[in-house]
Amino acid sequence: MTPPPVTIVDSERPAPWAIAPDVPLALRGLTVAYRATPALWNVDWDAPAGAMSAIVGPNGAGKSTLLKSVLGLVPTLAGEVRVFGAPLAKARGDVAYVPQRNAVDWDFPASALDVVAMGLYGRIGWCRPVRRRHREAARARLAEVGMADLADRQIGELSGGQQQRVFIARALAQQARLVMLDEPFAGVDAATEHALVTVLRGLAATGVAVVAVHHDLATLADTFDHALLLNVRRIAAGPVSEVLTEEALQRAYGGRLAPTQLRALARAV
Ligand code: ADP
Ligand code: MG
């Protein structure tokens, strides 16, 4: 296909090469297509440090694609991604990713502790043995997410919420400054969601940028500080209360939400 002409840099925003190293994640004109169909079109966004940011939008809006393109898992057609002011290749150690649960093959023979220890490899080196103190560090991270008792359980034998906790513990072990999660609360019970939110909020309080794809507009304002409302294009971005306007929701969700639902959601924030 012929790449369509796109505006790579919005004149109101700094060019990629001028992005300060304290901006955890900056997107400039990010455009991604699978074959001929764009999944993301000319998206500009800055994720703030020390805050919980949600990526919201209808099914197929490009939310998962956005996370994957930041990680270099899908090629970008145009635009730029900067992590702490640098291309991903220079900032990989700063980024942790918690994939959507159904995207992971849970058959591999690894315990919860093994998965968390993987978060330490960036620091101890792939070829070095995992020593006792590393296992202890991994165990401590599991305890932080309330999983100390299940450290030796095979990952495939854990419930959805427990698996999410393990992956969040791995992100803690990695000491990443940007933590990205794809629908971390999908399919977990309310108590687990509350526990995960508490852990993530604690991370954000230490200055980490937490960026999560979130599917539930009703809980957005309770859980998140900032939001990027997406439907292939950027519809709105900023503090949650400013993003969830009736007009923006209408543009993002169109006929997928009834007018009464739109009004109720906009009023709820
Ligand atoms: P969301 O996470 O917001 O639901 P996705 O980022 O998964 O949306 O997908 C955005 C669009 O790209 C959808 O139309 C989806 O069908 C399409 N898409 C996603 N992954 C692929 C792929 N690997 N190959 C082709 N099309 C894809
Ligand atoms: Mg998705």
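What share of the contacts in the protein chain with a separation of 6 or more comes from residues 24 or more positions apart? Such residues account for 67% of these contacts, a contact being heavy atoms within 4.5 Å.

This is a predicted model, in which local features need pLDDT of at least 70, side-chain atom pairs count only at pLDDT 80 or more, and totals for chains, interfaces and linings use all residues. Residues are numbered from 1 along each chain as its sequence is written, chains are lettered from A and ligands numbered from 1 in the order in which they are written, and side-chain values use heavy atoms, without hydrogens and water.

Of the 269 residues in the protein chain, 51% are buried (under 20% relative accessible area with a 1.4 Å probe, protein chains only; exposed means over 50%, partly exposed in between).

The two nonpolar cores below are sets of buried Ala, Val, Leu, Ile, Met, Phe, Trp, Tyr and Cys residues joined through side-chain atoms within 4.5 Å.

| Core | Residues | Members include |
|---|---|---|
| Largest | 59 residues | Leu142, Val166, Leu217 |
| Second, separate | 28 residues | Ile55, Tyr97, Val211 |

Val166 touches Leu142, Met147 and Ile155, among others, not counting residues up to four places away in sequence.

Leu142 also belongs to helix H5, whose buried residues are His134, Ala138 and Leu142. Seen down the axis of H5, these fall within an arc of 85 degrees, so they line one face of the helix; the arc is that of the directions from the helix axis to the C-beta atoms. Helices are DSSP runs (H or I, at least four residues) numbered from the N terminus. Arg132 and Arg133, on the other side of H5, are exposed.

Note on methods
Helices (H or I, at least four residues) and strands (E, at least two) are DSSP runs, numbered from the N terminus.
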